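Dear colleague,

Here is the structure for you to look through. My notes on it follow below.

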Amino acid sequence: MRFITGGGGGGAGGGGSAARSYEPMATADTTDLRYWLHWRVGLCGLWVLACMAVAGYLIWRHEGPGADRRPGGAGAASSSVSSGPAADGDLPGGGKGRRPGVLYDDEAWRPCLRDIHPAWLLAYRLISFFVLLSLLVVIVISDGGSIFYYYTQWTFILVTIYFGLGTALSIYGCSKFTDENVAAVAADMELGTNYMPHGLAAKPTFDEHSGDREIAGFWGYLLQIIYQTNAGAVMLTDCVFWFIIFPFLTVKDYNLNFLLIGMHSVNAVFLLGEAALNSLRFPWFRIAYFFLWTALYVIFQWIVHAATPIWWPYPFLDLTSNLAPLWYLAVAVLQLPCYVVFRLVIKLKHHLLAKWFPVSYVRG
């Protein structure tokens, strides 16, 4: 997002405000071929390609049903325990035979505690989606289409898409959950067993230790991938803003509005709330999609600047500086701690829930 907004929709120092507004400036003609033939560009490109290569390797090695057959893949350890259909990690109890990348269908919509009805997760996702979408619309109306030059907006849109898709899958899950409970009640009545109809709406009947759980389809895996991409991207954008950009702009007396601050806070708040409620797993190797997301943004910026002489949305992306390769390398390395921090939050969640709710806690 822009660091700006003096009055009048993001102009420089409009509206008579005493605070100044930050307006990026083009430092060179990026449409000139000589600009792209400099050694700095080649070195920065090397960092980008390295991230993409690492991401491609991780996906090839650990993603998909054939990962257990690849040397050193995520399922290599389980392949010696089981073979055939069980090689996908479908061992009863979800034990060591389950590959880290496997996602079951119900994990896309069930909460992490049995005592929480799936409808609560649906309500949270629906509210989050409408709040984020509304804020995004207001931002576009306020600042115009140029906001899409910023990595923050890219990530914000991805978070909004996540909650939209999550809402759709939660609707599907609630419908499926209700049908299964109705079928269970009918079966109990036929068998003459005791049942508690009032309790069915409170506790899901799924069993995470079942050996015949349905593997998630395309949309479930897409939700998982977007979730983990957002985890790293949100941490990266918010940490860079609050710890680097915000102090700089505050010292320089630039004008920061409510929308700018909200854009760099509500996304993290809603995503952390989602992480606390859902039962999605967090396999480490899907950091690859976070790498690809960031690399895609950089490539997009390069293509835009090669076609149009426009300002760089972030000063550290400017390739005219001799320090540009160091900045690119620093951002590439910074992706690791950003992703690790969110992964540690997930681990802390599992530890606390297993300790505080040992019976209700649903293990992934």
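**Arginine 286**

In this predicted model, arginine 286 sits in the loop that links α10 (266-277) to α11 (287-307). Its relative accessibility is 1%, so arginine 286 counts as buried, the limit being under 20%. The side chain of arginine 286 comes to 2.9 Å from the backbone oxygen of glycine 101. Leaving out residues up to four places away in sequence, arginine 286 touches Glu63, Gly101, Tyr221, Gln224, Ile225, Gln228 and Tyr339.

**The chain overall**

The chain has 12 helices and 0 strands. Read from the N terminus, its elements therefore run α-α-α-α-α-α-α-α-α-α-α-α. The chain has 364 residues, and 48% of them count as buried. Taking contacts between residues at least 6 apart in sequence, 78% join residues at least 24 apart.

**The largest nonpolar core**

The largest nonpolar core holds 69 residues. Which of them touch the most other members? They are Tyr151, Tyr227, Trp302, Leu319, Tyr328 and Phe342. Helix α8 (residues 218-251) supplies the largest share of this core, with 11 residues.

Tyrosine 328, one of those core residues, is in contact with Cys44, Trp47, Val48, Val298, Trp302, Phe316, Leu317 and Leu319, once its neighbours within four places in sequence are set aside. Trp302 and Leu319 in that list are also among the core residues named above.

**Where α10 meets α12**

The axes of α10 and helix α12 (residues 324-356) come within 10 Å of each other and cross at roughly 35 degrees. The crossing of α10 and α12 is right-handed. On the α10 side the residues are Leu271, Leu272, Ala275 and Ala276, and they meet Phe342, Val345, Ile346 and Lys349 in α12. By type, the residues of this contact are 7 nonpolar, no polar and 1 charged.

Is leucine 326 buried or exposed? Leucine 326 counts as exposed because its relative accessibility is 55%, and exposed means over 50%. Between leucine 326 and cysteine 44 there are 282 residues of separation in sequence, but 8.4 Å in space from C-alpha to C-alpha.

**Two more residues to look at**

Tryptophan 293 belongs to helix α11. With a relative accessibility of 17%, tryptophan 293 counts as buried, because the limit is under 20%. Not counting residues up to four places away in sequence, tryptophan 293 touches Tyr151, Trp154, Thr155, Leu158, Thr229 and Ala233. Tryptophan 293 and alanine 233 are 60 residues apart along the chain, and their C-alpha atoms are separated by 8.1 Å.

Glycine 220 lies in helix α8. Its relative accessible area is 7%, so glycine 220 is buried. What does glycine 220 contact, leaving aside its neighbours within four places in sequence? The residues in contact with glycine 220 are Leu103, Ala108 and Leu169. For glycine 220 and alanine 108, 112 residues apart along the chain, the C-alpha atoms are separated by 5.8 Å.

Regards

How values were computed:
Residues are numbered from 1 along each chain as its sequence is written. This is a predicted model: local features need pLDDT of at least 70, side-chain atom pairs count only at pLDDT 80 or more; totals for chains, interfaces and linings use all residues. Side-chain values use heavy atoms; hydrogens and water are left out. Helices (H or I, at least four residues) and strands (E, at least two) are DSSP runs, numbered from the N terminus. Buried means under 20% relative accessible area, exposed over 50%, partly exposed in between (1.4 Å probe, protein chains only). A polar contact is a pair of N or O atoms within 3.5 Å; within protein, one must be able to donate a hydrogen and the other to accept it, and residues adjacent in sequence count only if both atoms are side-chain atoms. Contact means heavy atoms within 4.5 Å. A nonpolar core is a set of buried Ala, Val, Leu, Ile, Met, Phe, Trp, Tyr and Cys residues joined through side-chain atoms within 4.5 Å. Axes are lines fitted to C-alpha atoms, for helices over the stretch in contact, and angles run from 0 to 180 degrees between N-to-C directions. A crossing is left-handed if the near helix is turned anticlockwise from the far one by less than a right angle, and right-handed if clockwise. Ala, Val, Leu, Ile, Met, Phe, Trp, Tyr, Cys and Pro count as nonpolar, Asp, Glu, Lys and Arg as charged, and the others, Gly among them, as polar.
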